[in-house]
Amino acid sequence: MLSEDLHVSGVHLSDQELLRAADGELPTRSAARTHAHLAACWSCRARMAEIEATIADFARAHRQTLDPQLPPIAGPRALLRVQLAELASNPPASSWRWLSQFTSPMRVAAFVCVAFFVAAVVGKLLLEHSTLRRAKSPVISSERGMEPDPNLTPGATRRVTLSDVCSMAHEEVVAEVSTSLRQEVLQEYGIVNAHPDDYEIDYLIAPGLGGVEEIHNLWPEPYTSATWNARVKDALEERLHELVCAGKLDLSTAQRDIATDWIAAYKKYFHTDRPLASHFVSNL
C-alpha cells in the first residue's frame, strides 16, 4: 500500500522548480512542499544533484578562468597607493588610461566566456529534460488541462486491506467532499465564484482505491469538458475498483496509475483512445 500523503511515483518537480529551490527563490509554502517531495522522490533528488553539480562546475570554471587574470595577493594595497598617487599628479584625462587597466579586454573576454558557458549548460539541461518528458508522455497537451497540478495534488492514501476496499458500498467508491473542503480546494487552484455545476471536487485516488479526503488528494475537475471530464474519470474509478476486487489488478498499481496520469490509465484499462460514449453521455 502507499503511505499517507505519499508523492506518487511518476509525478516529478520541473527543472524550473528545482533551479528556484536551489537558489532559495521559492515562496515558503512552495519550498516546504518541494523539500517534502525531494525527501520522498529519488528521481527528483537525483535531478537536483545534477543541477547543483552543474552550478558547482560553473563556479569552479569561473575561478579557474578569472583567477589567473587577477593581480597577485601580495602587495595589492601598495600598487593601489602608487596608482592613486599617479592619478592625483596627472591631468584628469589620464584617469581614463588608469581606469582602462582594470577593464582590460582579456578580463572582459573572460567574463563573456563564462556567461556563455553558463547559458549553454543550463539551456542544454532544460532542453534535454523537456524533450525527455514530452517523449515519455502519452497524453497530448490539450488533455493535460483536464488533469490536476501535480504540485498541488500529488495524491494521498491511507493504509487499507483488500477486504476494506472491496467491502465498500458503491456510493462510497465515488464519494463527495464537504462544502468547506470544496471551497478550500477551489481557493488552492485560484478559482473564484465557481458554479456548482462547473466542477466536481474529485479525489485523484478514489476512496474505493484507498484515497483519503484531504487537500493533497483533491482537485477541481471540470464537468464542462466534452471529452475528458469528471464523469469519465468516475467510470475509470469504478473500473479499477472492480478489477482490484476481482483479483485482476494489484491495488498499489491501480493507485499509482490513476495518480500518475488518469487519462492514460483510462486508455489502458478500457483499451481505447477516446472515452466510451456511455461514460459521458448517459451521465449528462
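In this predicted model, the charged end of R45 sits over the ring of W42, at 4.4 Å from the centre of that ring.

From charges over rings we turn to rings paired with rings. A pair of aromatic rings is described by the distance of the centres and by the angle of the planes. When the whole structure is searched, 3 aromatic pairs are found. One of them joins W228 and W262 in an edge-to-face arrangement, with 6.0 Å from centre to centre and 75° between the planes. Because W228 belongs to the loop between strand 2 (218-222) and helix 11 (230-245), while W262 belongs to helix 13 (residues 262-270), this pair ties together parts that are 34 residues apart in sequence. Both W228 and W262 are buried.

W228 also forms an aromatic pair with Y266, again edge-to-face, and here the centres are 5.5 Å apart and the planes make an angle of 80°. Since W228 lies in the loop between strand 2 and helix 11 and Y266 lies in helix 13, the pair ties together parts that are 38 residues apart in sequence. Y266, like W228, is buried.

Taken together, ring pairs link W228, W262, Y266 and F270 into a cluster.

Conventions. Residues numbered from 1 in each chain as written. Predicted model: local features only at pLDDT ≥ 70, side-chain atom pairs only at ≥ 80, totals over all residues. Heavy atoms only, no water. Phe/Tyr/Trp six-rings, centres within 6.5 Å; stacked < 30°, edge-to-face > 60°. Helix = DSSP H or I, 4+ residues; strand = E, 2+ residues; numbered from the N terminus. Buried < 20%, exposed > 50% of the residue type's maximum accessible area, 1.4 Å probe, protein only. Lys NZ or Arg CZ within 6 Å of the ring centre and 35° of its normal.
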